[in-house]
Structure formats: C-alpha cells, structure tokens
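Visitor: I would like to learn how to read side-chain features in a model. Please take me through a few cases.

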Amino acid sequence: MKQLLLGDEAIALGAIHAGLSGVYAYPGTPSTEITEFIQANATARERGIHSRWCTNEKTAMEAALGMSYAGKRALVCMKHVGMNVCADAFVNAAVTGVKGGLVVVAADDPSMHSSQNEQDSRFYGKFAMVSILEPSNQQEAYDMTRYAFELSERQGEPVLLRIVTRLAHSRASVEVAGEARAVNELAPSTEKNWVLLPAIARRQYASLIKKQADMQAESCASEYNTLTTAPTPSTLPLGIIACGIAFNYVNECAPQGVNVLKLSHYPLPEKAIAQLAEKSSCILVVEDGQPVVEQDVKALLGNDYCVKGRLTGDLPRTGELTPESVAAALGIATTTAYAPAKNIAARPPQLCPGCGHRDVYTALNKVAAEYAGARIFGDIGCYTLGALPPFQSIASCVDMGASITMAKGAADAGIRPAIAVIGDSTFTHSGMTGLLDAVNDHSPITVVISDNLTTAMTGGQDSAGTNKFEAICLGLGVEPEHVRVVVPLPKNMDEITRILREEIEYNGVSVIIPRRECIQTAKRHAKEKRVKAQ
C-alpha cells in the first residue's frame, strides 16, 4: 500500500507499524509533525499510544527511557537544539542500555530556516557511542524507523535517527506495511544496570565499549550502506561518500565513472571506506550538516590520502547542500534554475495583526524609554520577532529560557532595569529554574511571561503550564503582591504601563503575566465552535 507522506509522517507511521507504545516530544521545527501525525492517527488512538507533549526534551527523553525500562517501544522526537537539552539523559541512556526499543529522532536544520544554529546531531550519536541512522528519502525514513526499533532491542542501546529539514518537510510516495506489529508486552527490567552508581556505571561503560565492534559489524553489513564502483580505467576515478539526503544530490549530478558509497548507517563502515579508497584517486565527502564524516574519513585514511568536502572548501562550509553546490564540487557547470526577481524589497516576518505580544512590546518600549539604562532580554518563540521593526525591543535571544538568567546576570552586573520577556511554553520548558535562581538571589529583575495559552510558534500545540503560571511563580517564591496579571489590549495600555513602572521600581523579583489567547488559535477555536453549532 502506498501513501504520500512527509518525511516526518513517514517516521511517525513507521514507528506505529513497529509496535510503538509511546511518543515523547517537545514541539520544534522541523520535528513537530512526527508527534502530530501520531496524535491524529486512528491506529495510534485505537492502541492507546501515549502522545501528549512533554515540558521539554529532557523530560521527554527520560519518560521514553522509563517506557523502555518497562519493556515497551518508545520514540523521542526533537529538533537539533533539543539534543542539547536532553543530552544528560541521552548520553547516560547509552550507559544504562535499553530494554524496549528506544529511537531518538533528531531533526537538524541546515541553513537555520527556523533555528539559532546549524549543529549536527551526529556528533551526539558519536559522543554517546550508539548507532546512527540517516535516511536519504521518505521510503527509507519509514523503513529505517521500523529497523531502528529492531536494532535498538538487538543491541540493547538507544538508536539515533538523524534527519534534516529538506527531508522532514518534503513529500514522496511511500510503500507501507498493511498492518502494525503488535506492541511489546509489559515486562519491566529486573537488571541492576539502571542504577548508575559508579561501580555499576563503570561496568556498563565497559559493556558499551565492547558493543562497538558489533555496531561496526552491523554497519558494514547494513543494507543502507551500499558501495557502487565503476570499471577501473587507466587512472583511478573519483570516489564519493554520500551521506543521507546528500545521496539524492549526488545521484542528480555525478557523472558516469565515479565510485559512490551511500552512507546511511553509522558508525562508519570502515571496510567499505577502505575499499572505496583503494579504487579511487580521491574521495569527496558530501554530507548535509557539519563535516562529521569528512573529519573521520581523513583520520581513517591518513593525511597522505586526498579527502575533500566542506573543510577543504570544495563544498560550502555553511547552509544546506544543493544540486548546484554538489555539481560545482564535481567540476560540472550548471545553470541556475531560477533567478531572484529584481527590485523587490525583502519582507521580514512580523507578529500577526492582533497578536497580544504586540501590545506587550508597545508597553515595554514606552516604559523602557523612561530609563536610560534599560535592557530587555528576549527568548525563543513568536515574540522573538520583537527584535525586528517596528518594535526593535530585545537586546538578546540565545536559547530556551535564557531571557530570565541573562536578565539576572545583567542585574548582577549593575544594569537597571533588567527585564526578561519569555513565552508561556518556553517558561515551563527552561525558564522556571532561572526564576528560582533570581528569587534565591533576590535579584532586581522584572519577568514578563507573555501567555498566549499555547505553543504558538510551532502551530498551536498545548502549553504545559496553561492556567498554572501564577501558582508556579508563587511556589518558586515570588512574593504574591509582585505576581501581576494583565490583559494585553490597547484599551488597557495605561494599566499595563503603570504596573510595569511599579514592578520595575521594586528592588526584587517581580513577574507580570500578560494573558490573551494567540490570535491564530482563537480563530481556529471560533471556527470549531461554529462548525459544532451547525
């Protein structure tokens, strides 16, 4: 049976068909659609597959590890920067090992379409010393996900499935199974390897080291790593290592008479690479992301062997690969498929008309202008657009939750007033601990939790702290009289600016919560009500 699927959807369906019992995730582009597909899937609902959003990627990874401990198959999904958040649990999961299959999907974002860096999650797989799978198309995304659960249970380790934006958000026809595999029976582990006391951790780490040879053997024998060699002419031809989605660009551009190693299963298949090197004059490593494989191949073959790629400048050091950039690395002239239109001004993204964040920034700018040294520290979400015209309000936006801790540090350095702007979902994701630090230090900061009752930037998923923020702030120790709630509307501007001034003047931690539903989800909910009423 064939279905037209996004890469994300192919992974989701592959997991369901592999006997999934739970998916754990925090929404983040380009990974969000995996969990959303499972939430909407009829088979998943019939089977009671757990699919609620988690507070952050660390809690997602730990919950999935708990499901694996119980003998069930679990999937964890996140974008690449989410790997930073769950790294503690992810790396230690390789030491504990797993019981039920555990697959971690990391969706990388070369060219930073919706991200603050271009990091490559394959480094995390290497760091944790676990197998990595990197599909080259939607069919492999489906097939590899099913295979990944089998591989995880066979090796007793988590498996990292790495994709990129171009695969996650493009569609293709996928041949899928007729029915889903049965879920694993509940069978909690009785082993002691889950208690990482030093004596046990040392034993488990030694076991992980011993598994590396078997992982290498599996990679060398994998159907997803294929070496195609050309007839050897009088001079050795070029060799190409094409990783994941880059295999498509190589197929499109590579001339006849080159040797190609398609690489989608890690650790590196050293035997195949040695065979490629023996039959090639030089190797071009084509990989979307950072030069992970290029560095390792250079180390494997030695400095005297010719290895080219991103590090040598034959391929761009930043951004996504394209057929044109791969063709250029192969010395093939190409014509640009399209040329940008001239005399058209750039149109940067803006906050939606009617968005409550607009009123928040209008009030903040008005009050901040009254203080010569005021600084507003921003965070990750729709409201990051407050950095752009017409508001140009925020001085920083680094990572999830950094607004509060950066405001605290700036206040420690003497900046007055130091104001943090953070969204509702980001606050529960990573902001609460920073607020606790500020409370414990009695820091003179004003925290604005701009609550639009959803995780708006990724499409309106549930926000973990909805209707709980006042209680959370009070529980963390903010004084009750300095937890203030306002409704961000133009008609309330005098009230909002008055409260901002009052809390800025307070020599301690204050929290202001402007609360109004996201304009997009409000429209959606209104439409749903109209449909139900008909």
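Predicted model: local features only at pLDDT ≥ 70, side-chain atom pairs only at ≥ 80, totals over all residues.

Visitor: How many aromatic pairs does a search of the whole structure find?

Guide: The search finds 4. One of them joins tyrosine 69 and tryptophan 194, with 5.1 Å centre to centre and 85° between the planes. Planes over 60 degrees apart count as edge-to-face, and this pair is edge-to-face. Tyrosine 69 belongs to helix 4 and tryptophan 194 to the loop between strand 7 and helix 9, so the pair ties together parts 125 residues apart in sequence.

Visitor: Is tryptophan 194 buried or exposed?

Guide: Buried means under 20% relative accessible area. Tryptophan 194 has 19% and therefore counts as buried, while tyrosine 69, at 34%, is partly exposed.

Visitor: Where is glutamate 287 placed, and which backbone nitrogens does its side chain reach?

Guide: Glutamate 287 lies in the loop between strand 12 and helix 12. Its side chain reaches the backbone nitrogen of valine 293 at 2.9 Å and that of valine 292 at 3.4 Å. Glutamate 287 is buried, with a relative accessible area of 1%. Beyond its neighbours within four places in sequence, the residues in contact with glutamate 287 include Arg122, Cys243, Arg310 and Leu321.

Terms used: Residues numbered from 1 in each chain as written. Heavy atoms only, no water. Phe/Tyr/Trp six-rings, centres within 6.5 Å; stacked < 30°, edge-to-face > 60°. Helix = DSSP H or I, 4+ residues; strand = E, 2+ residues; numbered from the N terminus. Buried < 20%, exposed > 50% of the residue type's maximum accessible area, 1.4 Å probe, protein only. Polar contact = N/O pair within 3.5 Å; in protein donor to acceptor, adjacent residues only side chain to side chain. Contact = heavy atoms within 4.5 Å.
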